[in-house]
Amino acid sequence: MMFLIRTAFWISVLMLVLPISVGAGPDGKDGPAIDPLSALTAAGATVSDLSSFCERQPDACTVGSQALKLVGERARASAEMVGDYLAGDAPSREAAPAPAAR
């Protein structure tokens, strides 16, 4: 799996660096011309802007962190369920016996 992630990363870097012409658009004009250096500068500016997001919007950051925590807990519980199922410890689908009447 890590191989696929690394491959996707390096292909993305190559696509960013290689000068690929997209050709003329439907209106006859050339597509946007962005060189790799200006794209890297824009990416750096975006990262620096995102790093100060929590200072500007503390409520959004708090809610986002709570949402990520909830998603993480659900993902962990789902992974445990799948692991138990694959290990053969899954609960049987038979109906549980009815409780005895007093």
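Here is a short tour of this structure, one selection at a time.

Before you click, note that this is a predicted model, where local features need pLDDT of at least 70 and side-chain atom pairs count only at pLDDT 80 or more, while totals for chains, interfaces and linings use all residues. Residues are numbered from 1 along each chain as its sequence is written, and side-chain values use heavy atoms, leaving out hydrogens and water.

Start by selecting M1, M2, F3, L4 and I5: together they make a nonpolar surface patch with about 640 Å² of accessible area.

L4 is exposed at 56% relative accessible area (buried is under 20%, exposed over 50%, partly exposed in between).

Next, show F9 and W10. There is one aromatic pair by the rule used (ring centres within 6.5 Å; planes under 30 degrees apart are stacked, over 60 edge-to-face, the rest tilted). The rings of F9 and W10 have centres 5.0 Å apart and planes at 75°, so they are edge-to-face. W10 is exposed, at 54%.

Move on to C54 and C61, joined by a disulfide with S to S 1.6 Å (cysteine sulfurs within 2.5 Å). Both are partly exposed: C54 at 40% and C61 at 22%.

Finish on G88, which follows α4 and has a positive phi, near 90°.

Definitions and conventions. Helices (H or I, at least four residues) and strands (E, at least two) are DSSP runs, numbered from the N terminus. Buried means under 20% relative accessible area, exposed over 50%, partly exposed in between (1.4 Å probe, protein chains only). Rings of Phe, Tyr and Trp (its six-membered ring) pair if their centres lie within 6.5 Å; planes under 30 degrees apart count as stacked, over 60 as edge-to-face and the rest as tilted. Patches are made of residues with over 30% relative accessible area and no salt bridge: like charges are joined within 9 Å, nonpolar side chains (Val, Leu, Ile, Met, Phe, Trp, Tyr) within 5 Å. Accessible areas come from the Shrake-Rupley method with a 1.4 Å probe; for residues, only the protein chains shown count as cover. A salt bridge is a side-chain nitrogen of Lys or Arg within 4 Å of a carboxyl oxygen of Asp or Glu.
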